[in-house]
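User: I am new to this structure. Please walk me through a few of its features.

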Amino acid sequence: MGIENYQMGILPPPGVYGQLYASNYTANELRDNSGDKIPVSFDLRVSTLVPRLIWVTDQQVLGGTLGFHALIPLNEIRLNTNGLRDHKRGLGDAHMGPVIGYHHSDKLHTAFGVDVILPTATEYDKDDLVNLGTNFVTLQAIYALTYLDPAGLNVDMRLMHEYNFKNPDTDYKSGRELHADYAVGWGLGNGWVVGVGGYVYKQISDDKLDDHRVADNRGRAFAIGPSVQYTSSAGWSLSGKWQDEMGVRNRADGGAYWLKFSFAL
């Protein structure tokens, strides 16, 4: 969550494009259902490098331009908690799917998509403290919007709804999730945009174990921090942001930085 920054809702002209994301997330607190700190020793560090390929076609579907994308993260996870340690490095879960983009004006753009998140992680062991992937399939519906003014207000939002299938190794089914990445900034007229960004997250249905409801487990979080982007006259762009989590429930509480490099192939 929070992976995206400015220009979330713009599908570029037909062609093939690459993106590279890099992130480092750290957390040293766990929060319970009331938002109180759980009294355990906890140190979590997650580093990820995410290459993404985007293909925008010439085809028009439902009045918009059809495109496709795929990504697979390279993850490193370290966890120390109450004297127990675990460390893993390798491939995470792949995301892929179609997208339809609309250009309503030179400033307003939207996009719709459906992603499939596949359990492609290098390894999974239900008895380990951490794993590189979830070991279950997720369907993710996406709506994204961008209002872009190179010398004025910039507003971006990417709303996602996730339906999670059951983990076959644990018979555990995570609840449905609703979350949105956002960015609000001001264009300086020279390729630079500065502002703030982050994400909002809320789990909207309960987890289930062996088809029985698990009480008091719904996650929640809000994150915000400074963000900046530079778009060159040659067409490539580089953005970065720091986001600090707050209002956390039933999750780790920490912060992350994200870097994103976009370019045509």
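User: Which residue's side chain is joined to that of R31 by a polar contact of 2.5 Å?

Analyst: This is a predicted model, where local features need pLDDT of at least 70, side-chain atom pairs count only at pLDDT 80 or more, and totals for chains, interfaces and linings use all residues. Residues are numbered from 1 along each chain as its sequence is written, and side-chain values use heavy atoms, leaving out hydrogens and water. A polar contact is a pair of N or O atoms within 3.5 Å; within protein, one must be able to donate a hydrogen and the other to accept it, and residues adjacent in sequence count only if both atoms are side-chain atoms. At 2.5 Å, the partner of R31 is E29.

User: Which residue's side chain has a polar contact of 3.2 Å with R31?

Analyst: R31 sits in the loop between β1 and β2; strands (E, at least two residues) are DSSP runs, numbered from the N terminus. Leaving out residues up to four places away in sequence, R31 touches (heavy atoms within 4.5 Å) several residues, including D36, V248 and D253. The 3.2 Å polar contact joins R31 to D253.

User: Which residue in β13 stands opposite Y172?

Analyst: An open sheet has the order β10-β13-β14, with antiparallel pairing. Two strands pair if DSSP finds at least two bridges between them. β10 and β13 (residues 208–209) pair over two bridges. Opposite Y172 stands L209.

How values were computed
Helix = DSSP H or I, 4+ residues; strand = E, 2+ residues; numbered from the N terminus.
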